[in-house]
Amino acid sequence: MKFKCIKLQDFMRYKGTVRIDFSTDPINNATVILGDNTGGKTTLAQAFRWCLYDDIINTKHNKKKDVVLLNNEIVSSMSVNSQAKPVSVEITIEDGEREYIFKRKAEFRRKSGGGPNDYSVTQVGESQFTLQMREKGVPQEPIFNDMERGNPVSTVVNSLLPKNLSNYLFFDGERWNDEKNKAQDIQKSIEIILGLSGVQAMMRHLKTDRFNVISVLKSHIKNNSDEMNRLTELVNKANCDGQKSNDEMIELQEKINEIEPIVNRLKEQLESNRSEEEDQNRLKKYRAELNYLNEHQEWYYNEFVKFFSTSARFFASGLLPEISEAIQSIDLEGKDIPGVTIDTVDYLIEHGECLCGAKALPGSATLVGLEKLKKMIPPETIGGAAGQLQERLSDWKNESATFVEDAESKATMYRDGIDAIEDKEDDIRVLERRIDRKLNLADIRKRYNELEQQMRNLHMRYNRAEGARNASFSTRDRHQAMIDELAKASDNNKEVLRAIAYAEAVYEKAANVIKDKEQYVFKDLNILIRENFEKMFNGKEKYAQLEKDYRVHVYYHQLGQSVNYEETTLSNGEMIAINYVFIVSVLELAKRYAEEEMAEEQEHKNSSSVGVLLDKIKDSLQNETSIGTLRLPLVLDAPFSNLSNANTGLVASRLPEFAEQVIIFMLDKDWKASGLSKYTKPEYCYRIKKDAASNSSFIVRESEV
């Protein structure tokens with residue numbers, strides 16, 4: 001079974017009619033649609049889901065409740081009084097000589113009361129879903145979906161492309177990048193593809209659903225004592241408390257599911273702009289360093305000015321020899337008293353007698369007069385001042401001995417400061433040119449941290465609620481066991497107890513079937529995962545393994561002294577490649593199981609009626625899902641965006657081998673690296689183009705570009 005074509009009419013990004021024909025060739029079975037991000041690749045994936053299942057999935061950009069199906073340009077041309085405008089998607093599937101043409105159509109009108117800039121729309125009535133079949137090219141009577149006839153078109157869709165396989169058939173690369181969604185999808189893939197879902201549904205019906213068979217049977221046990229009444233009340237209370245905690249878990253999980261895509265989107269944005277964020281942090285650091293350099297340069301300048309404010313000493317000290325020579329050349333002989341010199345006065349003071357014969361004794365007026373006369377004679381007056389000047393000049397000379405060296409050192413420091421400032425300013429200009437200032441990564445980081453903390457708090461509350469639920473249900477089961485023991489003593493309850501025991505036996509048998517199945521499925525699957533991991537990564541130092549948490553873990557065979565050491569810091573590209581390791585491995589294992597089932601007759605392990613019944617269910621599911629899956633097409637949305645070229649080629653080259661048909665929406669940059677050209681005829685390679693004058697996209701063949 002293969003998709004033959006899809007036709008869109010005014011669906012989301014695509015205005016007017018858009019048709020894509022898909023390759024149905026058994027060898028060249030790939031169809032590739034190339035396009036840039038935000039061009040409309042995901043829109044095509046949404047078109048498949050909406051047409052077949054009336055469903056739109058959440059993406060990292062939009063929640064399905066916010067998605068507008070009608071093309072925005074069409075919406076903007078409408079008024080609140082305009083007639084409703086239609087949207088439709090038509091998918092043709094061929095299966096041998098039979099064709100199925102599914103068409104879903106819906107009409108939308110502008111909402112009133114929202115203002116001229118409110119382009120929100122509302123759907124008019126339910127969507128119309130029709131099926132036109134062709135047998136050997138001959139059209140059959142069309143079939144319409146309606147409630148009274150049991151939605152026959154949807155029934156046909158689910159028989160061909162089961163909705164519970166849709167996350168596998170329509171592979172969403174972004175969804176599988178989310179760890180929680182990936183674990184859920186891996187679990188569902190194993191359950192559905194390998195035949196576990198039917199048995200598990202039966203188990204839920206028997207025991208774990210809110211109104212399950214066993215609990216309903218137990219409610220029919222007749223209470224014959226006050227003790228049973230008391231225990232019954234405790235059971236009901238514990239069950240009620242457990243259900244409240246379970247409801248709280250559901251509510252918290254919804255909040256987590258709402259926040260988680262935003263956190264992942266912000267994280268991806270930060271990681272993809274990590275170098276830009278580092279540049280911004282570096283720019284902030286450089287600006288702080290520039291301020292520091294400017295402050296120090298101001299200090300250098302002030303010190304330089306202060307240093308040169310005393311430069312007169314340096315220049316004055318150079319005059320010392322000339323001043324000393326000038327002083328020594330001055331005629332210091334007294335002119336007022338001829339022949340009287342300083343030496344004459346000193347002689348008289350020394351001998352204690354004036355020329356007039358008066359005694360120059362200490363304290364006498366004669367001695368005071370001689371000393372006064374001494375100071376009036378020129379050599380003393382001038383000599384004292386000259387001596388002081390000579391001493392001062394000598395001190396300045398000593399102080400200025402390293403003046404030139406100090407001046408040169410300070411000038412060098414100032415020039416180096418100028419150079420450092422200019423270098424830092426150049427670094428800042430380079431970073432500013434490189435950074436897109438429109439993207440404020442600091443705000444994004446703050447928002448990411450806030451939401452991540454909120455996520456952690458929600459997970460903590462979820463874990464507490466889960467613990468409370470488990471404790472309540474444990475208490476319920478303990479008291480119920482006590483009731484069961486009391487009930488055994490009553491003949492009135494024997495029939496009910498027998499039915500409960502039978503249901504418990506069926507449940508236990510089903511659990512054993514699943515346990516046995518999982519053991520060999522996990523074993524076989526992990527062998528293939530190891531082999532494909534080695535092929536896709538071209539390395540032997542690590543291996544990958546699916547574990548009971550439904551996550552693929554990566555280990556080093558040996559790291560230092562440690563054996564089987566888990567690698568917990570995988571790159572984004574490695575994590576994405578591991579997704580494809582799992583997908584390819586599951587497809588390969590399903591193919592092997594199908595071949596084994598067709599080659600061997602099934603043997604029943606148990607002879608009891610319960611065992612035979614369960615084995616038949618198991619075998620029918622296994623045959624139906626495993627073999628059927630191999631006949632289904634595989635549609636992949638943006639699968640290789642974060643892989644290296646080498647890993648893109650290794651992964652992409654494996655996919656067409658395991659699916660009957662492959663339809664891939666991918667980025668232009670991945671086309672050559674994928675190596676899918678050997679599986680793709682030129683007429684089935686398309687490109688998404690965007691109209692520069694509008695927000696709408698259209699499809700052209702690559703050969704026509």
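Me: How should I read burial here, and is C685 buried or exposed?

Reply: Buried means under 20% relative accessible area, exposed over 50%, and partly exposed in between, with a 1.4 Å probe and protein chains only. C685 counts as buried because its relative accessibility is 5%, and C5, at 5%, counts as buried too. This is a predicted model, in which local features need pLDDT of at least 70, side-chain atom pairs count only at pLDDT 80 or more, and totals for chains, interfaces and linings use all residues. Residues are numbered from 1 along each chain as its sequence is written, and side-chain values use heavy atoms, with hydrogens and water left out.

Me: How many disulfides does the structure hold?

Reply: A disulfide is a pair of cysteine sulfur atoms within 2.5 Å, and the structure holds zero of them.

Me: What is the mean pLDDT of the protein chain, and which element has the lowest?

Reply: The term pLDDT is the predictor's confidence in each residue, from 0 to 100. Where pLDDT is low, the predicted coordinates should not be read in detail. The protein chain has a mean pLDDT of 77, with 74% of its residues at 70 or more.
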